[in-house]
Amino acid sequence: MTPPDVQRAVDAAFREEWGRVVATLIRRTGNWDLAEECAQQAFTEALRRWPRDGVPQRPGAWLTTVAGNRAIDRLRHQRMRDARLREAAARLDDRSEDEGVTTLDAGDESGIEDDRLRLIFTCCHPALPLEGRVALTLRALAGLTTTEIANAFLVPEPTMAKRLVRAKHKIQRAGIPYRVPPADLLPERTGGVLAVLYLTFNEGYAASTGDAVIRVDLCDEAIRLTRLLHRLMPGEPESAGLLALMLFQHSRREARTDVAGDIVTLEDQDRSRWDREAIDEANAVLGAAVRRDAVGPYQQQALIAACHANAPDAAATDWKRIAALYEGLLRTTSNPVVKLNHAVAVGMATGPEAGLGLVDQLAASGELSEYHLLPAVRADFLRRLGRNRGAAEAYREALSLARTDAERRFLSQRLDEVT
Amino acid sequence: MKYVAFVCGQGLQPDENVAIMRRDLPAYIEEMEQRGVRLVGRELDFPEKATTVRVRDGEILVSDGPFAETKEVVAGLDLLECADLDEAIEVTAKSPVARFLAFEIRPFRGGLTLGPRATAFARSDDSAGTPYLLIVWAGDELAGPGDESALIRESEAWRQELESRGVFVLGNALEGPETATTLRFRDGDFQLSDGPFLSSEQFIAGIEVVNCSDHQQAIELAAEHPQARYHAIEVRPFYTE
């Protein structure tokens, strides 16, 4: 094999297998840092040995075995002052004899799938700070480096490193269990996992319109992890709902901005640039999920996204259905952003006057007072009603609250149109 | 694992909450004791009865009142023996007072030292002396010593010495504030947050329970605690019948 071929094989294995190797090693050693270090060493070893020996038939099993052996070596040879490590070494030795390496080669992967699920639930444990949950999920499960995660969230690397250390420290010292929660906790904790994944996705989604900073694509990572969760928990319709929702939103990534990097609204987007493959996958995933008849908030949001994704053009959008779906969503959440979106849908379905009434109610409540899209939506309704002076004022307010250059350019343009 | 769950409240409870406690606490305590997850649960006397003790340059400094004047104060504590944090959260959330008081859950560092008097204390049998809680508050201007393991050994010697004098009940250092989890009931649901119930600049670094003949003796025992040289020790009487 040529070096580039091997590099590609290792890269592919890294994306597919990193989380699996780390998850299994954490279960077997109880030591997160050791698991990460040995996984890293196994991938380095692959780069060295695969050109000579060829890429193994099952790279994941190979990597897990090598990483596991490294861990045993490390634990044996280090002079272990820490009793914790000694205990982990004993556990590792037991496992490798009865169920570890030999079972891996026998082809039983059920336990490994469970390990990744354990890892997801542990990384997203509600006793961890939210930012730590996101960072740890991206590090341990997706294999992003500390530098990559720091860049993705625009924080200095030492800050991100500290966040990761703190989260791991709390897991070990506070006794956060490494497991899939029992049935009575599962719905609540699954909701927590989905929230972390959606937060990661949204961070990427919002950031992609910001300054041209080279970032790891958080959207891709979030989709990959949600797809994994969906595969590991096929009976959970909300994970399917979230996956569909992300796919629908991500399908528009090419059409959301123009060549200058300016925002193109849904209405004006070139729909031929939408990713059909992603939309088809989302439709299939969502269709199967809603047949389970347990339509939670993520499925509801995905159904709304589907209305847009499946409309051949903006005029064909079924706004009445979208407004009705938002009403359904508002029965389970009082999230002000959902209220704002509901107002937009009503405005489109019934007319700007009705929409404006709802936005004014929301503005009066004081919720979203820092959110630029509230005055932006208000401005849009006023513009449609021909009330240009009010619209201009609202666009100015939105401009003062906007967070990215693309948002500011878009709003300035709109402001120019009404003044 | 051994955990402490600090009950955090402000001021006197309204009558309806007191009624809930009278009605529901006994069954809760019985259930958790049978499960073997709740070792001790005791209520503290008012923070106004506290004294704060520091030792600086070999001199004992005593001031009236609690370490920090805060709206929320430690009102009691439960000591738990749980498989993991999830179980500690579950046990705490089931407490009838968790509906109106916050709890901070924190693991002990290296287990909990239980003296021979711990059982009587847990049963609220105070015939051997009045129980006092010594709260080691970190967050004074002083940093700890460079060698922490020396301080741990000294603290262990302090406990043994007190045990030989028949006044030690239980206690140990806690894991750091970054291992704390706070549980609050809000908007009809339990919410978890990372960190202690107060700011993490001022946090509880350890707790000890001692049996004393009077408040003055408790102050003297606190002053002998090796941590008094670096931190502040708040001496709080438990609520006794």
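Author: Start with how helix angles are read. Axes are lines fitted to C-alpha atoms, and angles run from 0 to 180 degrees between N-to-C directions. This is a predicted model. In it, helix α1 (residues 15–35) of chain B and helix α2 (residues 85–94) of chain B pack at an angle of about 160 degrees. Their axes are 10 Å apart.

Reader: Are α1(B) and α2(B) roughly parallel or roughly antiparallel?
Author: Angles over 145 degrees count as roughly antiparallel. α1(B) and α2(B) are therefore roughly antiparallel to each other.

Reader: Which residues in α1(B) and α2(B) meet?
Author: From α1(B) come B:Y28, B:E31, B:M32 and B:R35. From α2(B) come B:E87, B:E90, B:V91, B:T92 and B:K94. By type, the contact of α1(B) with α2(B) has three nonpolar, one polar and five charged residues.

Reader: How should I treat confidence in a model like this?
Author: Where pLDDT is low, the predicted coordinates should not be read in detail. For chain B, the mean pLDDT is 92. In that chain, 98% of the residues reach 70 or more. The model as a whole scores ipTM 0.91 and pTM 0.85.

Reader: Now the sheets. What is the order of the strands in the open sheet of six?
Author: Two strands pair if there are at least two bridges between them. The order in chain B is β2-β5-β1-β6-β10-β11, with antiparallel pairing. β2 (38–43) and β11 (189–194) of chain B are the edge strands, since each pairs on one side only. On average, neighbouring strands of this sheet are turned by 20 degrees against each other, direction ignored.

Reader: How many bridges join β1 and β6 of chain B?
Author: Six bridges join β1 (residues 2–9) to β6 (residues 102–107), and the two strands run antiparallel. Take B:Y3: its bridge partner in β6(B) is B:P107. α2(B) comes back here, packing on the sheet. It touches β1, β5 (73–81), β6, β10 (181–186) and β11 of chain B. The direction of α2(B) makes about 155 degrees with that of β6(B).

Reader: What is the strand order in the open sheet of seven strands?
Author: In chain B it reads β4-β3-β13-β8-β12-β9-β7, again with antiparallel pairing. Its edge strands are β4 and β7 (113–114) of chain B. Helix α4 (residues 148–164) of chain B lies across β7, β8 (130–138), β9 (168–173) and β12 (203–212). α4 runs at about 175 degrees to β9(B).

Reader: How many residues lie between β3(B) and β4(B) in their hairpin?
Author: Two residues lie between them. In the turn, B:D57 has a positive phi of about 50 degrees. Six bridges join β3 (residues 51–56) to β4 (residues 59–64) of chain B. B:T52 has B:S63 as its bridge partner in β4(B). B:V55 has B:I60.

Reader: Is B:H231 buried or exposed?
Author: Buried means under 20% relative accessible area. B:H231 has a relative accessible area of 11%, so B:H231 is buried. This residue is found in the loop between α5 (215–224) and β13 (232–237) of chain B. Leaving aside neighbours within four places in sequence, the contacts of B:H231 include B:V53, B:R54, B:W137 and B:D140.

Reader: How many helices and strands does chain A have?
Author: Chain A has 20 helices and zero strands. Buried residues make up 51% of its 419 residues.

Terms used:
Residues numbered from 1 in each chain as written. Chains lettered and ligands numbered in written order. Predicted model: local features only at pLDDT ≥ 70, side-chain atom pairs only at ≥ 80, totals over all residues. Heavy atoms only, no water. Helix = DSSP H or I, 4+ residues; strand = E, 2+ residues; numbered from the N terminus. Parallel < 35°, antiparallel > 145°, perpendicular 65-115°, else oblique. Contact = heavy atoms within 4.5 Å. Nonpolar A, V, L, I, M, F, W, Y, C, P; charged D, E, K, R; others polar. pLDDT = per-residue confidence, 0-100. Buried < 20%, exposed > 50% of the residue type's maximum accessible area, 1.4 Å probe, protein only.
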